[in-house]
Amino acid sequence: MIHTHSAEETIDLGRQIGGELLPGTVVLLEGDLGAGKTTFVKGVAEAVSGSDATAVSSPTFVYLNIYEGKCPVYHFDLYRLKNPEDFLAMGFDEMIGGEQICCIEWPEKLGAMVLEGAMRIRFEKISELERTITVEK
Ligand code: ADP
Ligand code: MG
């Protein structure tokens, strides 16, 4: 378990962990709204797709941002997903498991859908600036 004390520290952790990810890794990000998941992904995108990584909007930008670069990062935010079937209907399952790194916020919305070999990271808000971040696998 890791403690961070500012958004910048969480971005740094994202850079650090992102720098060690193998292409094709799926990272599931769990935790309440405001826990720091999106902040963490900023660091991952920088480390993986380059320091000038900018989000390229996708047709389904409500759920997916793509960071192009030496290795693309697909950043899913499934907060508004109504049911797991919608994820499949939009063809998203085919976007997972390529060479790109996939970061998925709110994986709980996928129900029992299994993402083989995914890494899980849990975020908890302790106070205004403090978070605990636990890599579960
Ligand atoms: P989530 O994606 O989990 O809903 P965000 O990353 O969008 O959360 O938001 C986290 C908010 O908390 C941001 O406004 C960020 O600046 C703030 N924050 C304060 N301290 C931290 C910290 N230690 N780690 C991450 N974010 C923090
Ligand atoms: Mg978020």
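Metal donors here are N, O and S atoms within 2.8 Å of the metal (3.2 Å for Na, K and Ca); water is not among the atoms, so sites may look incomplete. This is a predicted model, where local features need pLDDT of at least 70 and side-chain atom pairs count only at pLDDT 80 or more, while totals for chains, interfaces and linings use all residues. Residues are numbered from 1 along each chain as its sequence is written, chains are lettered from A and ligands numbered from 1 in the order in which they are written, and side-chain values use heavy atoms, with hydrogens and water left out.

**The magnesium site**

Which residues coordinate the magnesium ion (ligand 2)? Thr38 (OG1) and Glu105 (OE) do, at 2.1 to 2.2 Å. The two come from distant parts of the chain: threonine 38 sits in helix α2 (residues 37-49) and glutamate 105 in strand β6, 67 residues apart. Helices (H or I, at least four residues) and strands (E, at least two) are DSSP runs, numbered from the N terminus.

Are these two residues buried or exposed? Buried means under 20% relative accessible area, exposed over 50%, and partly exposed in between (1.4 Å probe, protein chains only). Threonine 38 is partly exposed, at 40%. Glutamate 105 is buried, at 3%.

**Around ligand 1**

Ligand 1 is surrounded by 17 residues. To be near it, a residue needs a heavy atom within 4 Å. The closest are Thr10, Gly34, Lys37, Thr38 and Thr39.

| Residue | Atom of the residue | Distance to an oxygen atom of ligand 1 |
|---|---|---|
| Glycine 34 | backbone N or O | 2.7 Å |
| Glutamate 105 | polar side-chain atom | 3.1 Å |
| Arginine 131 | polar side-chain atom | 3.0 Å |

A polar contact is a pair of N or O atoms within 3.5 Å; within protein, one must be able to donate a hydrogen and the other to accept it, and residues adjacent in sequence count only if both atoms are side-chain atoms. On its own, ligand 1 has 560 Å² of accessible area, and the protein covers 75% of that. Such areas come from the Shrake-Rupley method with a 1.4 Å probe; for residues, only the protein chains shown count as cover.

Which elements give two or more residues to the shell around ligand 1? They are α1 (7-18) and α2. Helix α2 gives the most, with three residues. Threonine 39 also lies in helix α2. It is partly exposed, at 22% relative accessibility.

**Aromatic rings**

The whole structure holds six aromatic pairs. Rings of Phe, Tyr and Trp (its six-membered ring) pair if their centres lie within 6.5 Å; planes under 30 degrees apart count as stacked, over 60 as edge-to-face and the rest as tilted. Tyrosine 63 and phenylalanine 92 are edge-to-face, with 6.3 Å between centres and 70° between planes. Tyrosine 63 lies in the loop between β3 (55-57) and β4 (64-67), and phenylalanine 92 in the loop between α3 (84-89) and β6 (101-105), so the pair ties together parts 29 residues apart in sequence. Both residues are buried. Tyr63, Phe76, Phe87 and Phe92 form one aromatic cluster.

**Two more details**

Tryptophan 106 is not a glycine, yet its phi is positive, at about 60°. This residue is in the loop between β6 and β7 (119-125). Tryptophan 106 is buried, at 14%.

Glutamate 30 lies in strand β2 (residues 26-30). Its relative accessibility is 13%, which counts as buried. The side chain of glutamate 30 makes a polar contact with the side chain of arginine 120, at 3.3 Å.
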